[in-house]
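Hi there,

Here is the structure I promised to pass on to you. Have a look at it first, and then read on for what I found.

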Amino acid sequence: MTLSYELPLLLLLLLTACAAVLVKDLISAVLILGSYSFFLALVWAWLGAPDVAFVEAVVGAGLATVFFLLTLLSTAPKDTHIRRHAPPKAAMLLLPLLAALLLYATSDLPRFGDPQSPASVHVSPHYLKNSLADTRTTNVVTAVLMDYRALDTLIETAVVFTAGIACWLLLRRDVK
Amino acid sequence: MNELIETALQRPNIVAFVVLLLVGLYITLTRHNLIKKLIGLYLVQTSVILFLVTVGAKSGATVPVLLDTASAVEQDAYVNPLPHVLTLTAIVVQVATLGVSLGLVSAIYRKYGSLDEDHILERTR
């Protein structure tokens, strides 16, 4: 956890995000979004979250890009919007306000990587200390996901199933 | 002002989170192409995940996989695993909702022949 490669990673993240929204060709935008997801996976690995990095690389960078590309290949792959509208006044007023508010609130958060931050001293030590005895799993993330919070994971699969049904209903060809 | 810059540099991830959230929100509000709007929405979702994982980071700690199973666990030796679990669920649900919204977008294209909001609104009149 050194600052030497953290800032270049975050800069690459911001760069790819801006490129993805600025590029006119939608297929290029989607591919740049895929590279953004891969940089995000690197950030997770640096923050000590390998499980999140795997899921981001497979589901975020892989599956989401494939969904985008499939949609674009069956529709219009160009952003044909020629006329430039002035952005809505409410957005120009409220977004800088939100930015100032969020950056002001930043100073109240605990320092980055503080072991005594409130999130790390409340219930998470309990899971770290007892998960091996309770579940016989050395990976604490797996233990919480599949044992302590197994019902959440079950309902998550129900959400994915519902999404699949919704996609099928939307995309079937023989609609009366 | 110096103080503000110093606090920001101590928390570079939070600044990246704020920038990504605002870029995503701005794109979702102002672009007229439906795919561009979805890209903005994706940025918003991933920025929130960045914030959650950043909260769980501890300096000098390793990944939450127990190295030594014989002795008692030092809580400062491993990063906080709970944000990771929450974000795993969030990423999967995010891609599921993205799939549904892309399905809606192709259904709209099949009915109105365009991905541009203005064209679609003209056709519906």
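Let's start with a question: is L50(B) buried or exposed? L50(B) is buried, since its relative accessible area is 0%. Please keep in mind that this is a predicted model.

You will find L50(B) in helix 3 of chain B. Leaving out residues up to four places away in sequence, L50(B) touches L13(A), V43(A) and W44(A) from chain A, along with N13(B), A16(B), F17(B) and L20(B) from chain B.

Chain B has 5 helices and 0 strands, in the pattern α-α-α-α-α. Its radius of gyration is 21 Å, well over the 14 Å that the globule rule gives for 125 residues, so chain B is more spread out than a compact globule. Along its principal axes, the C-alpha trace of chain B spans about 70 × 45 × 15 Å. Of the 125 residues of chain B, 54% count as buried. The accessible surface of chain B is about 5,300 Å², with 65% of it belonging to carbon and sulfur atoms.

**The nonpolar core**

Which residues have the most contacts inside the largest nonpolar core? They are Y36(A), W44(A), F68(A) and I35(B), in a core of 66 residues. Helix 3 of chain B gives the largest share of this core, 10 residues. Domain 1 and domain 2 of chain A both give residues to the core, so it lies between them.

Not counting residues up to four places away in sequence, W44(A) touches A49(A), V52(A), A53(A) and E56(A) in chain A, and T46(B), I49(B), L50(B) and V53(B) in chain B. That list brings us back to L50(B), one of the residues that W44(A) touches.

**More buried residues**

Where is S37(A)? S37(A) sits in helix 2 (residues 26-46) of chain A. It counts as buried, at 1% relative accessibility. Setting aside neighbours within four places in sequence, S37(A) is in contact with E56(A), G60(A), A61(A) and Y42(B).

H84(B) belongs to helix 4 of chain B and is buried, with a relative accessible area of 0%. Its contacts, again leaving aside neighbours within four places in sequence, include G48(A), A49(A), V52(A) and V141(A) from chain A. From chain B, H84(B) is in contact with V53(B), P64(B) and V79(B).

K58(B) is found in a loop, the one between helix 3 (34-55) and helix 4 (82-112) of chain B. Is K58(B) buried or exposed? Its relative accessible area is 1%, and the cut-off for buried is under 20%, so K58(B) is buried. A polar atom of the K58(B) side chain lies 3.1 Å from the backbone oxygen of Y78(B). K58(B) and V79(B) are 21 residues apart in sequence, and their C-alpha atoms are 5.4 Å apart in space.

**One exposed residue**

For contrast, look at R136(A), in the loop between helix 6 (124-135) and helix 7 (140-148) of chain A. R136(A) counts as exposed, at 69% relative accessibility. Most residues other than glycine have a negative phi. R136(A) is not a glycine, yet it has a positive phi of about 60°.

Enjoy exploring, and do write back with any questions.

Best wishes

Conventions. Residues numbered from 1 in each chain as written. Chains lettered and ligands numbered in written order. Predicted model: local features only at pLDDT ≥ 70, side-chain atom pairs only at ≥ 80, totals over all residues. Heavy atoms only, no water. Helix = DSSP H or I, 4+ residues; strand = E, 2+ residues; numbered from the N terminus. Buried < 20%, exposed > 50% of the residue type's maximum accessible area, 1.4 Å probe, protein only. Polar contact = N/O pair within 3.5 Å; in protein donor to acceptor, adjacent residues only side chain to side chain. Contact = heavy atoms within 4.5 Å. Core = buried A, V, L, I, M, F, W, Y, C linked by side-chain atoms within 4.5 Å. Domains from an automatic or database assignment. Rg over C-alpha atoms; globule rule 2.2 N^0.38 Å. Areas by Shrake-Rupley, 256 points an atom, 1.4 Å probe, with all protein chains shown as cover.
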